[in-house]
Amino acid sequence: MATWIYVKTQRNGYVSLCDPMFHFHLVRRFSLWSMKKDPDLEAALHRNRRWVVNNQIKNIIMRCPDQVASVKYLQKKFKTLDLQGKALNWLKKYPCCFEVYLENDEYYCGMTKRMMFLTQEEESVKDMQEPLYADRLAKLLMMTRDQRLNVMKLNELRRNFGFPDDYLLRIIPKYPQIFRVVNHTGRRSSMEIELTAWSPDLAISAIEKMAKKDGREPCFPCSLPPTWVKSLERFEDFNSTPYISPYSGFDGLVEGSKEMDKRTVGLVHELLSLTLWKKASIFKLGHFRRELCLPEKLNVFLLKHPGIFYVSNRYQIYTVLLREAYNGSELIEKDPLLVVKERFGELMQEGLHEYNRRHYLLNLEKKRNRGMIMPKPEKRRNQSDETSEQDKEGGDLGGIFDPEERKRFYKVLFDDNAP
């Protein structure tokens, strides 16, 4: 008798495993994110994960009075940082970055002197980079349909582009000839930044700059190994059509056409080129679907171009990364702000190593006190010393472990004609 197994689906209730529609949905869902893993690029994404969390903790502490926060307050913020467990345990893992102390039966956290020095250096780099941030923001606005962006949406990606948290007060008022803040409804959620002056000097993409430098027509570079034959063929076919700048208008472009797809690839490429790590969350990019005319299923669209983009679902956070920007797991060109942030990452790693070493020695001492670790016996000097001791004590086994002696032993044992 046949046994039917049913599984629950989100939309259609229960469906049988034998139902062809189940296999269709399973294959379709898998194919949305089916991209061959690149260990180097996955390592680059993994390396940034802890840094991002600790950088957010640093920003929280800096906004607190005297730059000291209670651990209870940080514990409440852990949910927004997508962290589990106790905040106290996390902070103690990075003694080179954070100082944890007990006062009036409550734990508090501040930053170490080395951490404060790097924070001040980061702020000085941000001051020097303000004109660059203004240009970067202008380029973002120039790629939109109406040359304006919602502030709340932009805040989701401001750290990707290196913008300071207070960019609305720090950058916008200094460039009134370029930017303007508008709010037609009076609600905070409807506040927008608008471009007031178009700059032809900024309307040049990274692809066009590289082509001008090399003296050739603009086209996308491919970062796939030669074994990806079919993907390379599709890339060559895609790259054979003329490049369309993301700073060009939308006039004459039809949604779903090859020309529109070409412009969309160029737009996402330019967006990633403007970020610090040349990567961004696909989910957050989707917030700008209307302003940038992005396809509804951006993830599926990006997977069609593996020679240009790398899509990862590490930590269930779907990320798109610009392949050409990396050599192995290392960025080829690093923003000055990113150099300072990497020094912060090195300090964080140093503290983590110190914590792990201290934790290991503490556990080792506890096991010794409990008698769980026996003293190791002294190793004998060599095999000849061991054999000579056995000979002296009469413990010689008659060379039975010698191959030649073993052959003679079995010959005497089983051969009737042996002497």
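Guide: Two strands pair if DSSP finds at least two bridges between them; strands (E, at least two residues) and helices (H or I, at least four) are DSSP runs numbered from the N terminus. The model is predicted, with local features needing pLDDT of at least 70, side-chain atom pairs pLDDT 80 or more, and totals for chains, interfaces and linings using all residues. Residues are numbered from 1 along each chain as its sequence is written, and side-chain values use heavy atoms, without hydrogens and water.

Visitor: Over how many bridges do β4 and β5 pair?

Guide: Strand β5 covers residues 106-111. E103 stands opposite E106 in β5. The pairing of β4 with β5 is antiparallel, and its bridges number six.

Visitor: Which strands stand at the edges of the open sheet of three strands?

Guide: The order is β3-β5-β4, with antiparallel pairing. One side of each edge strand is left without a neighbour in the sheet, because each has a single partner strand; these are β3 (69-70) and β4 (98-103).

Visitor: Which residues of β10 point the other way from F309 and V311?

Guide: In a regular strand, side chains alternate between the two faces of the sheet. In β10 (residues 309-312) all four are buried, meaning under 20% relative accessible area with a 1.4 Å probe, protein chains only. Opposite to F309 and V311 point Y310 and S312.

Visitor: What is the bridge partner of S312 in β11?

Guide: Strands β10 and β11 (residues 319-322) pair in the antiparallel sense over four bridges. Within β11, the partner of S312 is T319.

How values were computed:
Buried < 20%, exposed > 50% of the residue type's maximum accessible area, 1.4 Å probe, protein only.
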